[in-house]
Amino acid sequence: MAHSSMQTVAKEVPVETGVDRKDRRELAKMLTKIVGSSHVLYAKVRGVHWNVVGPAFYSLHNMTEEHYEDLNTAIDDMAERIRAIGFTAPTGLSEMMENSSIKDQTKLLSTEDMVKELVEDHEKMARLLRDGVAAAEDVDDVKTADMLTERIGVHEEAAWMLRATIS
Ligand SMILES: [Fe+2]
């Protein structure tokens, strides 16, 4: 038996919390880029977690676990923010990858090279988030600005920890 709730599809909804539709739409696009980039980074961090070898095995294995668990939570919060400001969140991996500024890891490199790449990726995330904060502040979306500001520090800290581990 067809149930009406099974036929509903998420769509844009009107939100009247003080940010214009046009501005919310731009923020949703920006959040989608951040969510897509975070998702690709999440997959790369797990790749290092699984494939790490060498003297820093134990610290890198555990550190990457903390990092991907944090990314998991953050991806969820930011995708849900897209819904809260009225728009639809990414539906799957293709949309995540199309919106990612982080390049996928398509082949296995040395642990050191993969960690170096993660350092650059975390720094790229910090820059992307900084642009996001500026865009959110421009339209007085303080909640989104607040959420993204916190993320900048997390990525800066991750870059520092990873860099220190291989130096
Ligand atoms: Fe694990």
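Helices (H or I, at least four residues) and strands (E, at least two) are DSSP runs, numbered from the N terminus. This is a predicted model, in which local features need pLDDT of at least 70 and side-chain atom pairs count only at pLDDT 80 or more, while totals for chains, interfaces and linings use all residues. Residues are numbered from 1 along each chain as its sequence is written, and side-chain values use heavy atoms, with hydrogens and water left out. The topic below is salt bridges, where a salt bridge is a side-chain nitrogen of Lys or Arg within 4 Å of a carboxyl oxygen of Asp or Glu. The count by this rule is ten salt bridges.

**A pair within helix α1**

- Helix α1 covers residues 21–51 and holds both K29 and E26, which are three residues apart, about one turn of the helix.
- K29 and E26 form a salt bridge, and their closest N and O atoms are 3.6 Å apart.
- K29 has a relative accessibility of 41% and counts as partly exposed; in this scale buried means under 20% relative accessible area, exposed over 50%, and partly exposed in between (1.4 Å probe, protein chains only).
- E26 is also partly exposed, at 43% relative accessibility.

**A pair between two helices**

- R151 and D70 form a salt bridge in which the closest N and O atoms are 2.8 Å apart.
- R151 belongs to helix α5 (residues 142–166) and D70 to helix α2 (residues 57–84), so this pair ties together parts that are 81 residues apart in sequence.
- R151 is buried, with 5% relative accessible area, whereas D70 is partly exposed at 28%.

**Other salt bridges**

- R21 and E12 are joined through their side chains by a salt bridge of 2.7 Å, N to O.
- R21 is partly exposed, its relative accessible area being 42%.
- E12 is likewise partly exposed, with a relative accessibility of 34%.
- A network of salt bridges links K44, E117 and D121.

**The segment before α1**

- T8 lies in the segment before α1.
- With 60% relative accessibility, T8 counts as exposed.
- From C-alpha to C-alpha, T8 and K33 are 26 Å apart in space, and they are 25 residues apart in sequence.
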